[in-house]
Amino acid sequence: MKVKGTSQAEPLKRASEPEVKTRILVADDDDMVRDTVSNILETFGYVVQTADGGRQLLDMVDDSYDVILLDIDMPDLDGFETIRGLDKLGYDIPVLFLTGSGSIDHAIRAINMGVYDFLTKPIDDLDIFHVKIRRAIEKRMYVLQERRYKEALEDNVQKKAEQLRAQNKLLRSYSESLENATVQLMSSLQNAMEEKDGYTAGHTRRVTKYAVKLGIAMELENRELVVLRRAAQFHDIGKLVIDLSCIQKPQSLSDEEWELIKKHPGVGANIIKPLGFMEREQFIIRHHHERMDGMGYPRGLTGDQLDDLTKIIMVVDSYDAMTSFRKYRRNKNLDEAIEELHDCSGTQFDPAIVDIFTKHIEEFVPEQMVEAEAFSDGFKEDFNH
Ligand SMILES: [Fe+2]
C-alpha cells in the first residue's frame with residue numbers, strides 16, 4: 001500500500017484524566033485492512049481495537065472510544081445496520097466509513113444517517129487520512145465537553161435548587177417564629193388591657209377555649225385550628241380602643257351606643273390588618289357578629305358568605321355572653337343557653353355547628369361552670385383553671 005506523511009497524534013484530553021490516549025475502534029471483515037489501518041493509527045499514537053464485523057463491534061463498543069472506523073460491506077451486519085445499532089447505544093462516537101468503491105447513493109445515505117466522514121481504501125495519502133481522523137477526534141472532544149458542561153449545569157441547577165429549598169425552609173421557620181412572637185406580644189398586651197375589666201378578660205379566654213375545643217370536635221386540621229385560636233383570641237380586640245362603658249349599664253342602649261358597639265369588629269380587624277399575616281383572622285374578627293339570615297353586623301353577610309371558623313366564633317361568643325355573669329343581668333344556665341342556641345339555629349347560627357357544640361358542651365365547659373350559679377359570686381373568677 002502506497003502511503004505518504006507520518007504526523008504524530010495529539011493525545012485526547014478528558015476532564016477526569018488530563019491525558020488519556022485516543023481510542024479508536026476499527027471494524028472490517030478483511031484481516032489485511034484491519035491490520036494495515038491499525039498499524040497506521042498506532043504509528044500516529046492512538047490506541048486501536050479491532051472487530052471483524054458490525055456485530056463484534058457492537059459487542060465491544062463502549063463510551064471509552066473516541067472514533068469508529070467502519071467498513072460498509074461486511075457479511076454479518078453491514079455498515080448501515082451497524083450505525084443503527086450504534087445510534088441505539090447513544091454514545092455519540094463519530095463514525096468514519098472505510099469505503100473501497102463509494103457510490104454517490106452510499107454517500108448520501110451515510111450522511112443522512114449521521115456518518116461523520118469517509119476514508120478511502122486503500123489509504124494513499126496519510127496526511128489526508130490523519131486530518132480526517134483528527135477532525136473526528138475534535139468532534140468527539142466537542143461532544144464530551146458539551147456533555148460535561150450539561151452535567152455540570154444540571155448538577156449546578158440541582159445544587160442551587162437544594163440551596164433554595166433549604167433557604168425557603170429557614171425563611172418559613174423565621175417567619176413562623178416572628179408571627180408567633182407577634183401574636184404572643186399582642187396577646188400579652190391585650191390581656192394586660194383586659195385585666196382592667198374582669199368580664200372581658202374572662203370572656204376572651206373562654207371564647208378561645210370553647211372555639212378550639214369545638215374546632216377539635218369538628219376535626220379541623222391543625223392549620224385551621226391555629227387560625228381559629230388567633231381569631232378567637234383577638235375577636236373583641238376592637239373593644240379595647242372604643243369606649244364601651246355603656247355595655248355594663250343595666251338600661252337598654254341608645255341608638256348611638258349601639259352604633260358604637262357595632263364598630264368594634266371592624267376596628268378589631270383593622271388593628272390586625274397591618275401585621276400582614278392574619279388575613280383570615282381579620283375576616284373572622286370583622287364578621288363575628290354576622291348572622292346566618294343576614295341580619296347581623298357589620299355587613300349583613302348571610303350564611304353562605306361566611307366560613308366555618310367565623311360561624312364557630314359566632315356560636316361560642318354568643319354562648320359565653322349568655323352564660324356569663326354581668327352586673328346588670330342574670331346569666332342563663334346551661335339548659336337555657338342550649339335552648340336559646342337551638343331556637344336561634346338557622347337564623348343566627350349554623351345548625352350543624354350548634355348541634356356539635358351542644359352535643360359536646362359538657363366536655364367543653366368545666367363542671368363548675370355548667371351551673372349558672374357558679375357565676376353569681378362574681379365575674380372575677382378565673383374560668384380557665
Ligand atoms: Fe364581639
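**Contacts, helices and loops in a predicted model**

Among the contacts in the protein chain that link residues at least 6 apart in sequence, 63% join residues at least 24 apart; two residues are in contact if their C-beta atoms, placed from the backbone, lie within 7 Å. The model is a predicted one, in which local features need pLDDT of at least 70 and side-chain atom pairs count only at pLDDT 80 or more, while totals for chains, interfaces and linings use all residues. Residue numbers start from 1 along each chain, following the sequence as written.

The secondary structure of the chain comes to 14 helices and five strands. Both are DSSP runs numbered from the N terminus, with helices (H or I) of at least four residues and strands (E) of at least two. Of the 385 residues in the chain, 30% are buried. Here, a residue is buried if 20 or more other C-beta atoms, placed from the backbone, lie within 10 Å of its own, exposed if 12 or fewer do, and partly exposed in between.

The buried residues of H5 are Phe129, His130, Ile133, Ala136, Ile137, Arg140, Val183 and Glu194.

Two helix pairs come next. Two packed helices are described by the angle between their axes and the distance between the axes. Axes are lines fitted to C-alpha atoms, for helices over the stretch in contact, and angles run from 0 to 180 degrees between N-to-C directions. Helix H11 (residues 308–323) packs with helix H12 (residues 334–343) at about 140 degrees, and their axes are 10 Å apart. H11 and H12 are therefore oblique to each other, given that angles under 35 degrees count as roughly parallel, over 145 as roughly antiparallel, 65 to 115 as roughly perpendicular and the rest as oblique. On the H11 side, Val315, Tyr319, Met322 and Thr323 meet Ala337, Glu340 and Leu341 of H12. This contact divides into five nonpolar residues, one polar and one charged, where Ala, Val, Leu, Ile, Met, Phe, Trp, Tyr, Cys and Pro count as nonpolar, Asp, Glu, Lys and Arg as charged, and the others, Gly among them, as polar.

With 22 C-beta neighbours inside 10 Å, Leu341 counts as buried. Leaving aside residues up to four places away in sequence, Leu341 touches Val315, Tyr319, Phe349, Val354 and Thr358.

In the second pair, helix H7 (residues 222–233) and helix H10 (residues 279–286) pack at about 45 degrees, with axes 9 Å apart. H7 and H10 are therefore oblique as well. Val227, Arg230 and Ala231 in H7 meet Arg280, Glu281, Ile284 and Ile285 in H10, a contact with four nonpolar residues, no polar and three charged.

The loops hold some backbone details. The peptide bond from Lys121 to Pro122 is cis, with omega near -5 degrees, and Pro122 sits in the loop between strand S5 (117–120) and H5. Asp92, in the loop between helix H3 (79–89) and strand S4 (95–99), has a positive phi of about 60 degrees although it is not a glycine. With 15 C-beta neighbours inside 10 Å, Asp92 counts as partly exposed.
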